[in-house]
Amino acid sequence: MNDDVEEAVAAAFREEWGQVVATLIRVTGDWDLAEECAQDAFAQALDRWRRDGVPRRPGAWLTTTARNRALDVLRREAVGAQKLREVAVLARDEGPYDPEFDEDSGVGDDRLRLIFTCCHPALPIEARVALTLRTLAGLTTPEIAHAFLVPEATMAQRLVRAKRKIRNAGIPYRVPPAHLLPERTTGVLGVLYLLFNEGYAATAGADLVRTNLCAEAIRLARVLAGLMPDEPEVLGLLALLLLHDARRGTRVDAVGDLVTLEDQDRGAWDGPEADEGAALLETALRRGRPGPYQIQAAIAACHTTAATADETDWADIAALYGELRRFVPSAVVRLNRAVAVGMSEGPDAGLALVAELEEEGELAAYHLLPATRADLLRRGGRTAEAAEAYERALGLVENASERRFLEKRLAECRSA
């Protein structure tokens, strides 16, 4: 019974955290209080649900419990007229949360409002993305730091400064009117992209895939596409997410172990979802304003449209990564291009590009750098060297599913 309750609370956290926090931020205006009370509600759920059973609507129970906790805190701190007004507003917010439409945008979604608040242009781009992943998706500071490849202490300070900036600058909690949407687009797209990525390949934990994060990113991308139907990069991002998500169900096997792209059952991919992604990509490209999300969607389409792994057009993928570098000159993009070059021109060509990245050191803490080197060495028949590289990758990986995959590859190389 205890295991069932713990599982129910964990599932509720994955599915409801963003909505609970976003609702509390709306009604209190206090980010730290919202997170504190949400955490308290989930802690209470462990005890109360064991005693009373799991409620029919866990999200409503958690929101009400967190709201009541916030009300108690504000009552204790109500030493002035403004605090008393906050208490009055919160006290009137009775019953399960039901979205109200934003007067300027016509959007009634607290989570989307939260994204746009976090993505205000007054905040640095890294802070916009990190803050939204923390408050909306419930990712821990270490998880976000790992995603950004920065130390945990650096990320913690970044989050504190972002919240302080929102409070001190009086940044409004709303979706901006239509004429202000473009200046927030880059940050919002970045949030949705990283939110999906964390769901598609979790940085840490037992599960490789966190389905609820993928679904939430796609849902919010659809809302954004409805707000900005003529913006090709918005369509490109939605296309990219759908094309990746079409393969999500085949990324792990029945016991949760990683299945590589070349070994996935292509017949089990979600055909309608892939077709929708391809159609959106075509619509975006017709706008004649290419961007990084459209290019990444084109790369994903190369994989999705290949009938077999051997028919994948790796040369085209390598060229697309070269084009992507013009928009995103990052070491990770260069690493992905190295993989494509290695597959199209041979392992040695890919290894030469990996060696450049190793020498530069920017990806020294990124497990996929030695893992890529190991895979190219394995494909080239250099199994002893590959084993050494797999050992280095294992020293950096944090996801349990990826760890098991790397251990399997290491054992294969050692026995070769």
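Let me begin with a term that will come back throughout this talk: contact means heavy atoms within 4.5 Å. Helices and strands are also defined terms here, being DSSP runs (H or I of at least four residues for helices, E of at least two for strands) that are numbered from the N terminus.

What you see above is a predicted model, in which local features need pLDDT of at least 70 and side-chain atom pairs count only at pLDDT 80 or more, while totals for chains, interfaces and linings use all residues. Residues are numbered from 1 along each chain as its sequence is written, and side-chain values use heavy atoms, with hydrogens and water left out.

I will start with the whole chain. There are 19 helices and zero strands in it, and of its 416 residues, 50% count as buried, where buried means under 20% relative accessible area, exposed means over 50%, and partly exposed lies in between (1.4 Å probe, protein chains only). The accessible surface of the chain comes to about 19000 Å², and carbon and sulfur atoms hold 50% of that; such areas come from the Shrake-Rupley method with a 1.4 Å probe, and for residues only the protein chains shown count as cover. If we take the contacts with a separation of 6 or more, residues 24 or more positions apart account for 63% of them.

Now to pairs of helices, where axes are lines fitted to C-alpha atoms, for helices over the stretch in contact, and angles run from 0 to 180 degrees between N-to-C directions. Angles under 35 degrees count as roughly parallel, over 145 as roughly antiparallel, 65 to 115 as roughly perpendicular and the rest as oblique.

How do helix 15 and helix 17 cross? Their axes, for residues 331–345 and residues 368–379, come within 11 Å and cross at roughly 5°, and the two helices are therefore roughly parallel to each other. On the helix 15 side the contact has Leu335, Val339, Gly342 and Met343, which meet Leu368, Leu369, Thr372, Leu376 and Arg379 in helix 17. By class, this contact has six nonpolar, two polar and one charged residues, with Ala, Val, Leu, Ile, Met, Phe, Trp, Tyr, Cys and Pro counted as nonpolar, Asp, Glu, Lys and Arg as charged, and the others, Gly among them, as polar.

Helix 6 (residues 125–135) and helix 8 (residues 152–169) have axes that come within 9 Å and cross at roughly 95°, which makes helix 6 roughly perpendicular to helix 8. Glu126, Ala127, Ala130, Leu131 and Arg134 of helix 6 make this contact with Met155, Arg158, Leu159, Ala162, Lys163 and Ile166 of helix 8, and by class there are seven nonpolar, no polar and four charged residues.

For helix 12 (residues 271–285) and helix 13 (residues 292–305), the packing angle is about 140° and the axes are 10 Å apart, so these helices are oblique to each other.

Finally, two single residues. Is threonine 312 buried or exposed? Threonine 312 lies in the loop between helix 13 and helix 14 (314–327), and at 9% relative accessibility it counts as buried. Not counting residues up to four places away in sequence, threonine 312 touches Arg266, His303, Ala306 and Ile317. Arginine 409, in helix 19 (residues 400–415), is buried as well, with a relative accessible area of 11%. Leaving aside neighbours within four places in sequence, arginine 409 is in contact with Thr260, Arg378 and Tyr390.
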